[in-house]
Amino acid sequence: MDFTKKMILAVLCCCSANVMPAQQKENKVNCKYVKTAGGYLMVLREGDDVLASIEDLVREKQIPSANFTGIGFAQEVTFGFYDFNEKKFHPKTFNKVEMGSLTGSIAWSGAKPSLHMHGVATDDKFTAYGGHILDLKVGTGSMEVYITLNTEKLERKVEYPLGANVLQLPPCVK
């Protein structure tokens, strides 16, 4: 092989070594979900905001409605207990827990996705905490969320005097 060919080969190898890791990193960052037969499987990584990630997918794919389940590690989860007299949530945050269960539904409130999520988290002493999830960040490891699609678009509306956002069933909406 002559000198020119060796130089071209060396440059190509050098460029490939620098470009490929960046491409792999970009693909890894952008690859948070895959389509399945019944919906989507999301695999979220450390630091990801679970609610925002699901909402982004709902907007991007224009999901009419769905339900979801999940498991994984949480850096931080904030549960809220709804006080019907005060018409607000009382939040409590837990750090470094394992989400033994996530469950919820996806609907719309006007032009925005509306999630309703509950879960159970356990700490290193196996003490369990649970309820309505207001905020959830993925911890070390990952979080798997399985989203099962529904065909009909569902809406949530605030109902009074309850003051809570309630899922509306299409045949029952007045």
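**Notebook: Met-99 and its surroundings**

I started with Met-99: leaving aside neighbours within four places in sequence, it is in contact (heavy atoms within 4.5 Å) with Ile-71, Gly-72, Ala-74, Val-77, Phe-79, Gly-119, Val-120, Ala-121, Ile-133, Leu-136 and Met-143.

A note on what I am looking at. This is a predicted model, where local features need pLDDT of at least 70, side-chain atom pairs count only at pLDDT 80 or more, and totals for chains, interfaces and linings use all residues. Residues are numbered from 1 along each chain as its sequence is written, and side-chain values use heavy atoms, with hydrogens and water left out.

I found 29 residues in it, and Ile-54, Met-99 and Leu-136 have the most contacts inside. Among the elements giving two or more residues to this core are helix 2 (50-61), strand 4 (88-109) and strand 6 (128-150). Helices (H or I, at least four residues) and strands (E, at least two) are DSSP runs, numbered from the N terminus.

Then I checked the whole chain. I see two helices and eight strands, in the order α-β-β-α-β-β-β-β-β-β from the N terminus. Of the 174 residues, 30% are buried, meaning under 20% relative accessible area, with exposed over 50% and partly exposed in between (1.4 Å probe, protein chains only).

Last, I picked Lys-35 in strand 1 (residues 33-35). Lys-35 is exposed, at a relative accessible area of 53%. Beyond its neighbours within four places in sequence, Lys-35 is in contact with Tyr-40 and Leu-149.

Methods:
Core = buried A, V, L, I, M, F, W, Y, C linked by side-chain atoms within 4.5 Å.
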